[in-house]
Amino acid sequence: MRLLLFLMMVCLSATDADAKLKVLGKGERMRFDSAGFPANMKPGYDVMNTKCKACHSLERVVLAITSGIAPVTGQPFDKMATKSYGIKMLRKPNSNMSRDDIKTIIGFMNFLLDESVKP
Amino acid sequence: MQKYNKLLLFILLALPIVFVNQASAIPAFSYEHNTECTACHTIYPELNEYGEAFLKNGYVWTKKLRAPKETTPVKPVVQKPEVKGVGDQALPEQLKADSLSAEEDDDLVYAPKQRKNEPLWISGLPEKLPLSLSATLNMAYNKDAADKDKLDFSTRALSLLSGGVFRDKVSFWVKYNLYTQGAFDPAVSNTPLNTTAGSGPNAAPDIEEVAFMYRKVFETPVNIKVGRFRPKLSLWKKSNKTSVSDFATNTYQVGSSKFTLDAPEDAIEANAVIGNRLFVAAGIVDRNGQEQKERYGHISYKVGGTDLLGKEPEVDLDNEHFTDYLAITLAAYGYFGKNSGDSSFERNKFFRFGGDLDVLYMNFRCRLSGVVGKDDNPDFGSKLKTDSYVLAAQAEYMLALNLLGLVRYEYQDIGYSGVIVHRIIPAVTYAPIENTKITMEYQYQRSDNEISTVATDQKLLLGLRFTF
């Protein structure tokens, strides 16, 4: 019985670990498939879908995360960059993003970066 | 009644512009970098912090580029292929793929966009032709117009713009006026272009600016700029605005002298961003027909906000502080020159000293600008020494992403005229789409001599500017 429980736990944790990024759509409709995201990342996904998309498509986010290069500037897109972009959006007039929104979305983009390098 | 009819006509003409809802926006920088206008502008053409950084660094995003992350295992560069005698169609692709997956040198600067088309990159050619057009249409309503022509539609301009950078080393900027009509004079007309070029149809079909800048000479922060351009004096070029009219500090003239702070000149300039927040520039101007060069210098420092290389400030996301949103830039500059009239060998020796302050806090921005000057012969004849003191203060607020309101006060005391001019200029600017700007501006001007008010003038301006 204990062995069975142990194997179940391994299977469940393996499901989380295998949540590789899937990209749906093309061009401006490009987006991440949220089906495999853990529940605690749902708020981040929701903020991205509402606040970020208010001004630009998610294509540039997908390209930045999957390539490691910010598509507009050609700069490296890593965890330092996610914080930098968060601060940029916080300070941008009329970006309509609160401090909590910024923290949530930085956490979500860092999660995406981690997922993107999983084999 | 008739005047209300004309005002109604004025507003009706503006309505189609206000409700326009579709356009294709591909100005040179937007097209080249595949980004929207608001990446660098509040409302085009006024620059935001990133636009300022992009401009100061010769149209380059300044951080060092790195290789993109590798997600595939590192493999050695290809093994020697088998020679088949008739060529191998698949070999070139295999070579490319294998070499791209090989380990990168940490110091290698990798520019993915530049390598999309290697022959173009090697040649230094941009992948897209960096050309755009900018059109300006202005209308003025002046109930006190001297010629009784209260509603003036006769001012317009069309300019060809080009800018970019060749392999991050040589940047360039070109502005060619294809067509201009009208001349800006608050008492006469309202086109804010070519203030010194006369009036009439197509008054100035000429190269307004053409400049090249060699970036980072000998890997130092110093850039060398040469050509016909606006010497770096004030923090803001006169085009860096949302209003129809320009800052008086940038455009005022003394006597018959055509010198303004923002006049394009044939010049060579060295400039540099030092320590991320200090900007310095110095240059010499060559004016035709005179033995001595003119000289100028500028220094500015930015506290808070995005630095001059476009890097965000450190912000503690867990603790809010008002300085998170505050940016202050201070500037000082000077110009020493000597010019002459169109048909005179008489010389006017002059100088200008100025200071600027730019304060940005969230949606609010305040700009202060002051200039003092002295001309020793501004009418090229009487040798009447003339002092000038000009101030401008502008407060602006971004009401929405595409809506900005501002009010400006100007004080202009030019000894030559014996009149002190006060102007109050409120304006609202709306961008229905990012490449289209509509400005409604009211100007109130009062002219005083030493005893009393000698004249007042009121004017309503409607400016439309679009670029594509």
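This is a predicted model: local features need pLDDT of at least 70, side-chain atom pairs count only at pLDDT 80 or more; totals for chains, interfaces and linings use all residues.
User: Which strand is B:Ile284 in?
Analyst: Strand β7 of chain B, which covers residues 278-285.

User: Switching to the interface. How many residues of chain B are in contact with chain A?
Analyst: On the chain B side, 39 residues, and they touch 30 residues of chain A.

User: What area do the two chains bury between them?
Analyst: About 2800 Å², with 52% of it on carbon and sulfur atoms. The size of an interface is often given this way, as the accessible area lost when the parts come together.

User: How many salt bridges cross the interface of chain B and chain A?
Analyst: Six by the rule used here. One pairs A:Arg91 with B:Glu312, where the closest N and O atoms are 3.7 Å apart.

User: And how many residue pairs are in polar contact between the chains?
Analyst: The count is 13, with both residues of each pair at pLDDT 80 or more.

User: Which elements of chain B supply at least two residues to the side that touches chain A?
Analyst: α3 (49-56) and β12 (386-400) of chain B each do that. β12(B) gives the most, with three residues.

User: OK, salt bridges in general. How many does the structure hold?
Analyst: Over all chains, 32. Within chain A, one of them is between A:Lys79 and A:Asp114, with the closest N and O atoms 2.9 Å apart.

User: Why does that pair tie together parts that are apart in sequence?
Analyst: Because A:Lys79 lies in helix α4 (residues 79-91) of chain A while A:Asp114 lies in helix α5 (residues 99-116), the pair connects parts 35 residues apart in sequence. At 41% relative accessibility, A:Lys79 is partly exposed, and A:Asp114 is partly exposed too, at 36%.

User: What about B:Glu219, which residue does its side chain meet in a salt bridge?
Analyst: B:Lys169, at 3.8 Å from N to O. B:Glu219 sits in the loop between β4 and β5 of chain B, and B:Lys169 in the loop between β2 (151-166) and β3 (170-181), so this pair ties together parts 50 residues apart in sequence.

User: Are those two buried or exposed?
Analyst: B:Glu219 is exposed, at 70% relative accessibility. B:Lys169 is partly exposed, with a relative accessible area of 23%.

User: Now B:Asp375 and B:Arg352: what distance separates N and O in their salt bridge?
Analyst: That one is 2.9 Å. The pair links distant parts of the chain, with B:Asp375 in strand β11 (residues 364-375) and B:Arg352 in strand β10 (residues 347-361), 23 residues apart.

User: Buried or exposed, those two?
Analyst: B:Asp375 is buried, and B:Arg352 is buried as well.

User: Last one. Which residues do salt bridges with shared partners join into one network?
Analyst: B:Lys175, B:Glu208, B:Glu209, B:Arg230, B:Lys237 and B:Asp262.

Note on methods: Residues are numbered from 1 along each chain as its sequence is written. Chains are lettered from A and ligands numbered from 1 in the order in which they are written. Side-chain values use heavy atoms; hydrogens and water are left out. Helices (H or I, at least four residues) and strands (E, at least two) are DSSP runs, numbered from the N terminus. Contact means heavy atoms within 4.5 Å. Buried area is the accessible area (1.4 Å probe) that two parts lose on being put together, summed over both. A salt bridge is a side-chain nitrogen of Lys or Arg within 4 Å of a carboxyl oxygen of Asp or Glu. A polar contact is a pair of N or O atoms within 3.5 Å; within protein, one must be able to donate a hydrogen and the other to accept it, and residues adjacent in sequence count only if both atoms are side-chain atoms. Buried means under 20% relative accessible area, exposed over 50%, partly exposed in between (1.4 Å probe, protein chains only).
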